[in-house]
Amino acid sequence: MAESQPMTAPSAVVERQKRAKFRRNMFYLALIVVGLVAPFLAYPVFLMKVLCFALFACAFNLLLGYAGLLSFGHAAFLATGGYVTGYLLASYPGLTPELGIIAGTLLATLLGVVFGVLSIRRQGIYFAMVTLAIAQLVYFMFVQAPFTGGEDGLHGVPRGELFGVISLSSNLAMYYFVFAIFIFGFALIQRTVHSPFGQVLKAIRENEPRAVSLGYNTDAYKLVAFVISAGLAGLAGSTKTVVFQLASLTDAHWHMSGEVILMTLLGGVGTLLGPLMGAGIVVSLQHILAQSPLGNWVSVILGIIFVVCVLSFRSGIIGELDKMYRKNFK
Amino acid sequence: MMMIFGVPMAVFMGQLTLGLVNGAFYALLSLGLAVIFGLLKIVNFAHGAQYMLGAFAALLGFRYLGINYWLALFLVPLVVGAFGVLLERFLLRRIAHLDHLYGLLLTFGLALIFEGTLVNFFGVSGARYATPEIFQGGLNLGFMFLPTYRAWVLVAALAMCLFTWFMIERTRLGAYLRAGTENSQLMQAFGVNVPLLITLTYGFGVALAAFAGVLAAPLYPVSPTMGSSLLIVVFAVVVIGGMGSILGAIITGLAMGIIEGLTKVYYPEAANTVIFLVMILVLMFRPVGLFGKEA
């Protein structure tokens, strides 16, 4: 195995890289174990909500954290995934949930291509405004389209049987399915970020003119990143619809695009675990506030967190922890 | 009865003026965004909320202090503008040296706070603000009936746009502002107090939004969410026009209002979306915007 092979690079560097990789793998393993045990410690429906939003935030973070593009229209993908899956599963009872989810994800990916081609033409602040405006267009289309149920949304979407065999009506079975989807999405993002493709994305984020001068077609790279991000956001929306058996306009509203930005910012932009943590905190906060006398103040409190994050907490929780760790232990 | 493309003249002209009035608001708001963007390089996401604050200030001022419409038209922009000055001085300035996307995020957070707070006190249904006595009724132009207040809004908004244009293009202060937009460091080296200029510019942009809010109060229901949906349309208008020129912002705003109005006549289903569709077309054929400068 690996130990017996001769070392070609300076051994200390290889050794350190190996150790880092090993640590990372152990960490992910621990995370998976926590995920597997979690439904016995906490309410599965709540955990599923966290996982869906965490996947959504991870997808968003791929774009903001690794390509440096601030999309203000990601709600459109979440909602498209959700509506398509919801509509298909509700109208064709024979359809199994995984096929519904795949269809929703594919349509969100396609929409991502359209969004991407249009918005990549503008940068920075304009990019944010363009994505927001196109997402608003999608929102109005969902309001008027005959299949979305307008203001009421889609209700009673059946969870069905996974592969036609495993019933998802129990929350525990549903949880493990959602967890598997999350792991798939997370692994895909992790793989993308650590691939040569991901390195080029980072180069574009740091200095786009230089990446261009090195011969990279930066628009193509940004477009691919945008499409992957849109597809995974759609996957999150599709999964969410199956879990909660409904799809509504809330998911398409620009508030949702703002929420996913907040989750990513709070957890740590450009960190792999930040979005997961941010989603966990925001969803828990909404859950707790909804039952407290402060229930009506959710949006104000989110706004305050936004302002505090931007003013004094820009690396997010994971980012700040990482900084502290580096300062004290390295 | 006279018909235009199969639509009665009165309906056609009615929607055209409605569109023009909406366009006047787009123009005022995108103008404010452009002025702020020019010097601060941030997109003021709180612009819609500040427009809404203007309308609310007029409403509450009338309800509790008996401030009439004319006084409100003068006072509210000052008060809300002063509030904007505080926001710039104590919040935006602290992140001015960072990536400008942070400015967008900060102002977005502020917009959530303003909107959410007012929703808690006033709900989302919206209140009526009485049209001032003098503008009750309308003018009979022969081919259509024009409500006086709409005519006034059009005049006032255009006058304010021209005033802004004059201030920026024809006065010494405006020259400083334009120079600061080009190169603020050089300006500072010449001894101009750039931080003060930035603060005042933000305050002025906010005051413009508040002015639009007071104008809008008798026209639309005054509700905490009145600004946010409007702002997204204004963003599209800004993308269409590009933030390069003052006149560009005004012309694009009015033109988009008219296009929206005419869509209501001929294809009402698309009235909400037509401006976004125009934006997509512009992005495909002229990505920098109609009046934008090549980067």
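Let me start with a definition: two residues are in contact if their C-beta atoms, placed from the backbone, lie within 7 Å. Hi everyone! What we have here is a predicted model, and it holds a chain A and a chain B that touch each other.

So, how many residues does each chain bring to the contact? Chain A gives 32 residues, and chain B gives 32 residues too. On the chain A side, the elements that supply two or more residues are α5 (124-144), α10 (254-267) and α12 (298-312). Which of these elements gives the most? That is α5(A), with 13 residues. And what are the residues on the chain A side like? They divide into 23 nonpolar, seven polar and two charged.

Let's step back and look at chain A as a whole. Chain A has 13 helices and two strands. Its radius of gyration is 20 Å, close to the 20 Å that the globule rule gives for 330 residues, so chain A is as compact as a globular protein of that length. If you follow the C-alpha trace along its principal axes, chain A spans about 60 × 45 × 45 Å. Of the 330 residues in chain A, 47% are buried. Now take the contacts in chain A with a separation of 6 or more: residues 24 or more positions apart account for 77% of them.

Over to chain B. You will find 11 helices and four strands in chain B. The radius of gyration of chain B is 19 Å, close to the 19 Å that the globule rule gives for 295 residues, so chain B, too, is as compact as a globular protein of that length. The C-alpha trace of chain B spans about 65 × 50 × 35 Å along its principal axes. Buried residues make up 50% of the 295 residues in chain B. Among contacts in chain B with a separation of 6 or more, 76% are between residues 24 or more positions apart.

Next, a pair of helices inside chain A. Please find α6 (residues 171-193) and α9 (residues 218-244) of chain A: they pack at an angle of about 175°, with their axes 11 Å apart. Angles over 145 degrees count as roughly antiparallel, and that makes α6(A) roughly antiparallel to α9(A). Which residues make this contact? From α6(A) come Met174(A), Val178(A), Ile181(A), Gly185(A) and Thr192(A), and from α9(A) come Ile228(A), Leu232(A), Leu235(A), Thr239(A) and Val243(A). These residues divide into seven nonpolar, three polar and no charged.

Now for something that comes from a record. In an unreviewed entry, UniProt lists "transmembrane region" for several stretches of chain A, including residues 26-42 and 125-142. In the model, residues 26-42 of chain A are 71% helix and 0% strand, and the end C-alpha atoms lie 24 Å apart. Residues 125-142 of chain A are 100% helix and 0% strand, with end C-alpha atoms 26 Å apart. For chain B, the "transmembrane region" stretches listed by UniProt, again in an unreviewed entry, include residues 71-92 and 104-129. Residues 71-92 of chain B are 91% helix and 0% strand, with 30 Å between the end C-alpha atoms. Residues 104-129 of chain B are 73% helix and 0% strand, and here the end C-alpha atoms lie 31 Å apart.

Let's zoom in on some single residues. Met26(A) sits in helix α1 (residues 11-37) of chain A. Is Met26(A) buried or exposed? With 10 C-beta neighbours inside 10 Å, Met26(A) counts as exposed. Leu99(A), in helix α4 (residues 97-119) of chain A, is partly exposed, with 17 other C-beta atoms within 10 Å.

Last stop: backbone angles. Most residues other than glycine have a negative phi. Gln245(A) is not a glycine, yet it has a positive phi of about 60°. Where is Gln245(A) found? Look in the loop between α9 and α10 of chain A. Gln245(A) is partly exposed, with 15 other C-beta atoms within 10 Å. Chain B has an example as well: Lys41(B) has a positive phi near 65°, and this residue is found in the loop between α1 (9-40) and α2 (47-65) of chain B. Lys41(B) is partly exposed, with 14 other C-beta atoms within 10 Å.

Terms used. Residues are numbered from 1 along each chain as its sequence is written. Chains are lettered from A and ligands numbered from 1 in the order in which they are written. This is a predicted model: local features need pLDDT of at least 70, side-chain atom pairs count only at pLDDT 80 or more; totals for chains, interfaces and linings use all residues. The radius of gyration is taken over C-alpha atoms; the globule rule is 2.2 Å times the number of residues to the power 0.38. A residue is buried if 20 or more other C-beta atoms lie within 10 Å of its own, exposed if 12 or fewer, and partly exposed in between; C-beta atoms are placed from the backbone. Ala, Val, Leu, Ile, Met, Phe, Trp, Tyr, Cys and Pro count as nonpolar, Asp, Glu, Lys and Arg as charged, and the others, Gly among them, as polar. Axes are lines fitted to C-alpha atoms, for helices over the stretch in contact, and angles run from 0 to 180 degrees between N-to-C directions. Angles under 35 degrees count as roughly parallel, over 145 as roughly antiparallel, 65 to 115 as roughly perpendicular and the rest as oblique. UniProt positions are given in the numbering used here, feature names are shortened, and annotations may be inferred rather than shown by experiment.
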